[in-house]
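Please work through the exercises below with the sequence and the model side by side. Each one sets a task and is followed by a solution in steps.

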Amino acid sequence: MAAVESARPQAAKLRWGELEEDDAGDLDFLLPPRVVEGPDENGIKKTTEYRFDEDGNKVKVTTTTRVRKLGKARVSKKAKERRNWAKFGDAVHEDVGSRLTMVSTEEILLERPRAPGTKEEPSVSEGLGPVQPGAVLMVCRTCGKKGDHWTSKCPYKDLAQPPETFVERPSTADAASAAPGGAGRSAYVPPSMRGGGERTGTEMSRRRNDENSVRVTNLSEDTREPDLLELFRTFGPVSRVYVAIDQKTGMSRGFGFVNFVHREDAERAINKLNGYGYDNLILRVEWATPRPN
Amino acid sequence: MRPILMKGHERPLTFLKYSREGDLLFSCAKDHTPTVWFADDGERLGTYRGHNGAVWCCDVSRDSTRLVTGSADQSVKLWDVQTGTQLYTFNFNSPARSVDFSVGDKLVVITTDPFMGNPSTIQVKRIARDPADQTSDSVLTIKGPQGRINRAVWGPLNKTIISAGEDSIIRIWDAETGNLLKETDKESGHQKTISSLCMSADKSHFLTGSADKSAKLWDSRSLTLLKTYQMDRPVNAVAISPLLDHVVIGGGQEAVNVTMTDRRAGKFEAKFYHKILQDEIGGVKGHFGPINALAFNPDGRSFSSGGEDGYVRLHHFDPEYFSIRM
């Protein structure tokens, strides 16, 4: 173990995680060989490998890749030969599992500059979508989502509140005071009265909800509640989203909170979205309170 | 387009260079290990282990057999591209900053930083065909510019050496005698340190990028200012398209803006400009940190960018790119 590490000090950074495998090197013969199911008509290639993990369990690693033909390239003879060169340096032990080279999941465009005066379409977040000429823009007051449905038809009637109520709040991220219940939404409730109304009644449900609260940090400055809602909806029903806004500039202060109805959804969201690249920043997603167990 | 992300470096990228035939991409970073990738799909071919400091620059010979790298560990190393073995090491008294093969790959021009009382120098070394005959004598040594020389390249037909650096003045030197032939003046030239320089494919003109938020296009023989491209951030990297009349400029973030919360957090993009009309064509976003390196594939159909985030992003242009009308 230690001997292996000192023999390759420069490669140690990339390789120490695989050291455990070398420990169980003697047992490699127990592992079935690697199977490559070649590219099928859709270009899908499946590689099945077996290895031992830290605890000595046999682990099956299936890597599914799509082989895409990007285009024909006129390649010189020498270049073709170079394609078959043996790997050297740190690339010698490259296995299928190494994720050094990945195709971006996002489509990146050469964005033409807008003429001054037209509104710039944000690349990832709340895009309006193509609006037919002559169509009426449907705005829902509940979730603020444009173009999809009217207020009465809002699928989030009982769930997320309109973002405006959060902007008036002081920017301390106090997740404890939840939104007023469905019935009270028709009347305007000033911020000072908001928390007071239900401190007694819904404390139980609120507390349970706060344990499903997820803190999202490293947001880009034009991220707003609808963007977070859109991003986290896929994991399950969301009861509340909040993005901290700097009153002076109107920009996001880089963090926000998302309250899920179900804890499992919150857990899945954390696992999936932590480290996810969103609008050119890498998100940090974690439990809002110290890990509730 | 779907850029290919290559995360082989642990530290910020410093330089990118394509092989002459456009099938290999060499990347240098602050993590001591230059890496070579296949330029079509981004698969890593190998790494060159041996340097003990940040690698600032590299160049590859025309036949893609020799790689030369300049590093902060005060050495310039010559490598065999295919196997990764070190063929020769040139040692200096200060960090080596820029390296460039001459046409014909028989000479290499190296710049060294000012360090411990030694001024910055531009040195020319001969490269022997057989590594066994390699010596480390300098054919030519030029001293004179104040401050760091960030980049020195061979001019057309190896007759001149063009250098640019921290004192924001571009100088053209005679390659045989070392005499200063031309230099830019303060009014038309850059106002702040010149971070990057890129020659056109035929070496008739070159592009410089500076911390004064602009990039300028110059004639290589007369050193006349041809064009200026305005950016909104300090420029770290520039590249000229070998195929179309486009230039691409990549920048960073001003130090004073890094911590202020009410300033743009920085969506770092590589900006394309029309080389002749000077108008912005568009930007390609995606980097999570300032862009430090840009390079066009010699066939002009793809380009790659290296950032402070340690990622190399390889972009193959969509068909629409080739029919852009201004």
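A residue is called buried if its relative accessible area is under 20%, exposed if over 50%, and partly exposed in between, with a 1.4 Å probe and protein chains only. Strands (E, at least two residues) and helices (H or I, at least four residues) are DSSP runs, numbered from the N terminus. This is a predicted model, in which local features need pLDDT of at least 70 and side-chain atom pairs count only at pLDDT 80 or more, while totals for chains, interfaces and linings use all residues. Residues are numbered from 1 along each chain as its sequence is written, chains are lettered from A in the order in which they are written, and side-chain values use heavy atoms, with hydrogens and water left out.

**Exercise 1.** Determine how many residues of strand β8 of chain B are buried, and which strands pair with β8(B).

Step two sorts them by face. In a regular strand the side chains alternate between the two faces of the sheet. Here S75(B), K77(B) and W79(B) lie on one side and V76(B), L78(B) and D80(B) on the other, and all are buried.

Step three turns to the partners, where two strands pair if DSSP finds at least two bridges between them. Strand β7 (residues 66-71) of chain B pairs with β8(B) in the antiparallel sense over 5 bridges, with L67(B) opposite W79(B). These two strands form a hairpin with 3 residues between them, and Q74(B) in the turn has a positive phi of about 70 degrees. Strand β9 (residues 86-91) of chain B is also antiparallel to β8(B), again over 5 bridges, and V76(B) stands opposite F90(B). The hairpin of β8(B) and β9(B) has 5 residues between the strands, and G84(B) takes a positive phi near 85 degrees.

**Exercise 2.** Classify the aromatic pair of F272(B) and Y321(B), and state whether its members are buried or exposed.

Begin with the rule: rings of Phe, Tyr and Trp (its six-membered ring) pair if their centres lie within 6.5 Å, and planes under 30 degrees apart count as stacked, over 60 as edge-to-face and the rest as tilted. By this rule the count comes to 17 aromatic pairs over all chains. Now apply the rule to F272(B) and Y321(B), whose centres are 6.0 Å apart with 70 degrees between the planes, an edge-to-face pair. The pair links distant parts of the chain, with F272(B) in strand β24 (residues 268-274) and Y321(B) in the segment after β28 (312-316), 49 residues apart. F272(B) is buried, at a relative accessible area of 0%, and Y321(B) at 4% counts as buried too. Ring pairs also join F272(B) and Y321(B) in a cluster with F296(B), F303(B), F317(B) and F322(B).

**Exercise 3.** Find which strands stand at the edges of the open sheet of 5 strands.

First write the order, β4(A)-β1(B)-β28(B)-β27(B)-β26(B), with antiparallel pairing. Then read off the ends: β4 (101-103) of chain A and β26 (291-296) of chain B each have a single partner strand, so one side of each is left without a neighbour in the sheet. Finally, examine one end, where 5 bridges join β26(B) to β27(B) (residues 302-307) and I291(B) stands opposite G307(B).
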